[in-house]
Amino acid sequence: QVQLVESGGGLVQSGGSLTLSCAASGISIKLYAVGWYRQAPGKQREWVATIYTGGNTNYTDSVKGRFAISRDNAKNTVYLQMNNLKPEDTGVYYCNAINMRFNWGQGTQVTVSS
């Protein structure tokens, strides 16, 4: 039973920061590449960032320099530190293991006001 639970979202002013958490159970995150995704109203789900098993990371261009993905293997949790947030970052944020077709969680809402 793989479960990925997102938390940490909220309402933030432009320029503010949030840290999202992705708590995993049923898998050990150190064995998987894990990604963050987001979905704005009326849009398709968009890939945001990935952390690979070796610790390398990758980001979509729009968040480079502002977001940082990390993991704590002892806590079996992946994080997304989001800085200098912009209104276009608004959406529901999800995490999942890359290419594993695990079920999506409920996500966590991030709303950035101007």
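Which hand does the disulfide of C22 and C95 have, going by the torsion about its S-S bond? I started my notebook with that one.

**Ground rules.** I am working on a predicted model, where local features need pLDDT of at least 70, side-chain atom pairs count only at pLDDT 80 or more, and totals for chains, interfaces and linings use all residues. Residues are numbered from 1 along each chain as its sequence is written, and side-chain values use heavy atoms, with hydrogens and water left out.

**Entry 1, the disulfide.** I looked for disulfides, meaning pairs of cysteine sulfur atoms within 2.5 Å, and the count came to one. The sulfur atoms of C22 and C95 are 1.9 Å apart. The torsion about their S-S bond is about 80°, so the disulfide is right-handed. C22 sits in strand β3 (residues 18-25) and C95 in strand β9 (residues 91-97), so the pair ties together parts that are 73 residues apart in sequence. Strands here are DSSP runs of E with at least two residues, numbered from the N terminus. I then checked burial (buried is under 20% relative accessible area, exposed over 50%, partly exposed in between, with a 1.4 Å probe and protein chains only). C22 is buried at 1%, and C95 is buried too, at 0%.

**Entry 2, the sheet.** I followed β9 into an open sheet of six strands, in the order β2-β10-β9-β4-β5-β6 and with mixed pairing. Its edge strands are β2 (10-13) and β6 (57-59), each pairing on one side only. On average, neighbouring strands are turned by 25° against each other, direction ignored; the axes are lines fitted to C-alpha atoms, and angles run from 0 to 180 degrees between N-to-C directions. For pairing, DSSP has to find at least two bridges between two strands. β9 and β10 (residues 108-113) pair in the antiparallel sense over three bridges, and V92 has Q109 as its bridge partner in β10.

I moved on to β7 (residues 67-72) and β8 (residues 77-82), which are antiparallel over six bridges. R71 has V78 as its bridge partner in β8. Four residues lie between the two strands of this hairpin, and N76 in the turn has a positive phi of about 55°.

Is R66 buried or exposed? I found R66 in the loop between β6 and β7, buried at 8% relative accessible area. A polar atom of the R66 side chain lies 3.0 Å from the backbone oxygen of N84. Leaving aside neighbours within four places in sequence, the contacts of R66 (heavy atoms within 4.5 Å) include Q81, M82, L85 and D89.

Note on methods. Polar contact = N/O pair within 3.5 Å; in protein donor to acceptor, adjacent residues only side chain to side chain.
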